[in-house]
Amino acid sequence: MAQGQFSIFKKGYISYFPIFVHSIRNLGMKKLVCPQCKIAAMYVKNEKGERLLVYVTSDGTVIPKNEGESLEGYDVTEVFCLGCSWHGSPKHMVKY
Ligand SMILES: [Zn+2]
């Protein structure tokens, strides 16, 4: 969805850019950040203790940072900050 809008932008409709930014916000695509150190880089863990890098959108959805990765098996109810010792529910993250 974001890519489709980007291709409109690339075609030269620069005046559409504010609408593009606005619609991303409306779609809840803005990233939430750590309440302590204010970075968006988070990870989640699975039962084996493996980490997967993620970010969290403003509606509290956990999204894998790298395309094609799956959250299957990972506990998305608790996220861990890469920048500090904070961890907790994605709902406790803050808007930048
Ligand atoms: Zn942090």
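Me: Hello! With 17 other C-beta atoms within 10 Å, is W86 buried, partly exposed or exposed?
Reply: Happy to start there, and please keep in mind that this is a predicted model. A buried residue needs 20 or more such neighbours, and an exposed residue has 12 or fewer. W86 has 17 other C-beta atoms within 10 Å, so W86 counts as partly exposed.

Me: Where along the chain does W86 sit, and which residues is it in contact with beyond four places in sequence?
Reply: W86 belongs to the loop between β5 and β6 (87-88). The C-alpha atoms of W86 and C34 lie 7.4 Å apart, although 52 residues separate the two along the chain. Leaving aside neighbours within four places in sequence, the contacts of W86 are C34, P35, Q36 and C81.

Me: Nice. In what order do the helices and strands follow one another from the N terminus?
Reply: The protein has two helices and seven strands. Read from the N terminus on, the elements run α-α-β-β-β-β-β-β-β.

Me: What share of the 96 residues is buried?
Reply: To count as buried, a residue needs 20 or more other C-beta atoms within 10 Å of its own. Of the 96 residues in the protein, the buried share is 16%.

Me: Let's turn to pairing. Which residue of β3 is the bridge partner of M42?
Reply: β2 and β3 pair in the antiparallel sense over four bridges. One of the facing pairs is V44 with L52 in β3. For M42, the bridge partner in β3 is V54.

Me: Which residue in the turn between β3 and β4 has a positive phi of about 85°?
Reply: β3 pairs with β4 (residues 62-64) in the antiparallel sense over three bridges, and one of the bridges joins Y55 to I63. These strands form a hairpin with four residues between them. The turn residue with that phi is G60.

Me: Which residue has a positive phi of about 85° in the turn of the β2 and β3 hairpin?
Reply: This hairpin has four residues between its strands. The residue in its turn with a positive phi of about 85° is G49.

Me: What is the phi of K38?
Reply: K38 lies in the loop between β1 and β2. K38 counts as partly exposed because it has 13 C-beta neighbours inside 10 Å. K38 is not a glycine, yet its phi is positive, at about 65°.

Me: One more: how far apart are the C-alpha atoms of P64 and L53?
Reply: P64 is part of strand β4, and its 15 C-beta neighbours inside 10 Å are why it counts as partly exposed. Not counting residues up to four places away in sequence, P64 touches L52, V54, E69 and L71. P64 and L53 are eleven residues apart along the chain, and their C-alpha atoms are separated by 6.1 Å.

Note on methods:
Residues are numbered from 1 along each chain as its sequence is written. This is a predicted model: local features need pLDDT of at least 70, side-chain atom pairs count only at pLDDT 80 or more; totals for chains, interfaces and linings use all residues. Two strands pair if DSSP finds at least two bridges between them. Two residues are in contact if their C-beta atoms, placed from the backbone, lie within 7 Å.
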